[in-house]
Every structure is written in structure tokens, then in C-alpha cells.
Amino acid sequence: MTNPDPASEARRAQASPLFADLAGDAQVSFEFFPPKTPKMEESLWEAVKTLEPLGPRFVSVTYGAGGSTRERTHATVARIQRETSLAAAAHLTCVEATRAEIDQVAEEYWAAGVRHIVALRGDPPVAGAKFASHPDGYENAAALVAGLKKLHPFEISVAAYPECHPDSPDAGADIDNLKRKLDAGANRAITQFFFSPEAFFRFRDRVAAAGINAEIVPGILPVSNVAQTRKFAAMCGAEIPDWMGRLFDGLDDHPAARQLVAATVAAEMCRRLYAGNVRSFHFYTLNRAELSFAICHLLGLRAKAPAHEAAA
């Protein structure tokens, strides 16, 4: 699929308001991380309950390096599955665990009613260290996908990198690795966050040229803390445009203004992706609902009343 023509996009922007009467035909999903404290748990559940009425097709919960959040991840996923209408997806990595240990975690998820796994190689427990698989573990995400498929017919999402994974020698090797994960049985790929629609469109073209026709879902990170985002970006090879950094200058003491700017920037990017025929979005919420909810609303999604209210 080719990139949208910039001239036609400009005409579209000038002809009508960017977000006027969108069809509401986008599909969304949300990512959370397991809470460390009672207060963080309260914030997480507020976010889950706020976003639930948007009807996401799934929500995912992250998993720390070396399984450092294993118990909290499992508890969070199981509670979402048990207490909400949402389909919960659990992250699972290859880091510092044997195949038997990882298989046991996967079996526990299946027993808890979880049918969707986000299968990742994972980052080394020590930042900056080179990844090394456990001698008795899964060597990479493709092997993990194949192992999970042998256990149960899980729905499986994997990661993709529009700007190339830091450990990949080049973009071609990165695409080859993605193809191996999908060939092993993954259903879709969710991208690492990026801040330029063109980065996603170029990646989508490379994926298509490689003969990959699986769904590629853009991962969206609404930025409200630039310093934190720079740290995330350095770990995964994402580029933060200079203009974005400048846009947040002077807003350290103005959290409400920072939120407004963050929503505007992310919403505009999503609108441009939508104009380029993207209809699925995955939001990295950082356990906060407002930014993702606002962007979904601008994209035409509307909260649905809970079933018991609709029937009243």
C-alpha cells in the first residue's frame, strides 16, 4: 500500500475540520502495566473502567524484565478477565526463564480464561546489556510463538519496529525476524511507538514488499513527559523529532497544558494514519486514561453504556 499523497492530505485538511464526522470505524486496544502500590492499583482500575466503555478489542498487561512483575501481571490480567467485559492479553517474554517455566505461566493464563498472549523476546534485566537467552529457554520471540501454539490455540500478538530494533543489523534483518514470528503462528504485529506517520507508512510498505500480509497495528504513545519518553525511545530506537521536544518546552509547571499539547500531537498523528487507511490503533496508556480516551473520541469512537444500563 502506497503512502497517502501529501497534496491530497493537505486538501483534505483545508476542506473540512480534521476530526469532523469520522465514521467511528477504528478498532482500538490499550496497554497497561501492573501496579506496584495500592495507590497505583487504584489509578489503574480507574483507567480500565474509563476506557472499557469504548469497547476495545483487547487490553494488554506488560511483563517486567526477567519476570520481575510476573505475579502482579498475572493478578492484573486475571482480574481484568474476571471483573470486566474486556478481553485481557498477557505479555510473556523469554528473559531469564526456562521453557518449562514459561510454559507453566502460559498454562496458568489459559486456566484463568486468558486466550491472548503478547509474545516478546524481552529486554535484558540490566539496561544496555546484550540479550542472552536462558540455556533451557526459548531463544527468541519466534520460538516462543511456536511453543505457545503447541500448548493451546492462543491468539498471539508480536512486536514490530518501524524504525528498526536496536539489536537488528539492518532493516532487512528486522523484517526477516518479523516474518519468522508471523510464520511461527502469530496473528498480528503491534509496533513500537513512533512519532511520525511517515515512519509507519514506510514500514508498512517494506512489510508488504516482503510478502507479509498480516495485520500491522501502530502503537501510539501520547507524550506528556518528554524526559521519560526520551528514555523509552533510547531503549527501542524510536526517534523523537526536534520540533516535538521544543513543543513541550516551558510546560514543566503546567500539567494541564502539557496534557492538551500531548493530546493534540498524538491525535493529529492518528488522524493522518487514519487518512492513510489505518483502522486499528494500540495505545500505550501508562495507566492513564484521559489522553487515549480523548484521541479515541476524536477518531469517532463513542463510549457505550454498560449492558445493564442499556437494558434499563
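At 4% relative accessibility, Phe201 falls in the buried class of this predicted model.

In terms of secondary structure, the chain contains 12 helices and 8 strands. Where contacts in the chain between residues at least 6 apart in sequence are considered, 80% join residues at least 24 apart.

Aromatic rings were then examined for pairing, and the count comes to 6 aromatic pairs. Among them is the pair formed by Phe200 and Phe201, whose rings lie 6.3 Å apart, centre to centre, with 65 degrees between the planes. Because an angle over 60 degrees counts as edge-to-face, this pair is assigned to that class. Elsewhere, Phe30, Phe281 and Phe283 are linked by ring pairs into a cluster.

Aromatic rings also take part in arrangements with charged side chains. The charged end of Arg79 is placed over the ring of Trp45, at 3.9 Å from the ring centre. In a further case, the ring of Tyr274 has the charged end of Arg279 over it, and the distance to the ring centre is 3.5 Å.

Methods:
Residues are numbered from 1 along each chain as its sequence is written. This is a predicted model: local features need pLDDT of at least 70, side-chain atom pairs count only at pLDDT 80 or more; totals for chains, interfaces and linings use all residues. Side-chain values use heavy atoms; hydrogens and water are left out. Rings of Phe, Tyr and Trp (its six-membered ring) pair if their centres lie within 6.5 Å; planes under 30 degrees apart count as stacked, over 60 as edge-to-face and the rest as tilted. Buried means under 20% relative accessible area, exposed over 50%, partly exposed in between (1.4 Å probe, protein chains only). A charge sits over a ring if NZ of Lys or CZ of Arg is within 6 Å of the ring centre and within 35 degrees of the ring normal. Helices (H or I, at least four residues) and strands (E, at least two) are DSSP runs, numbered from the N terminus. Contact means heavy atoms within 4.5 Å.
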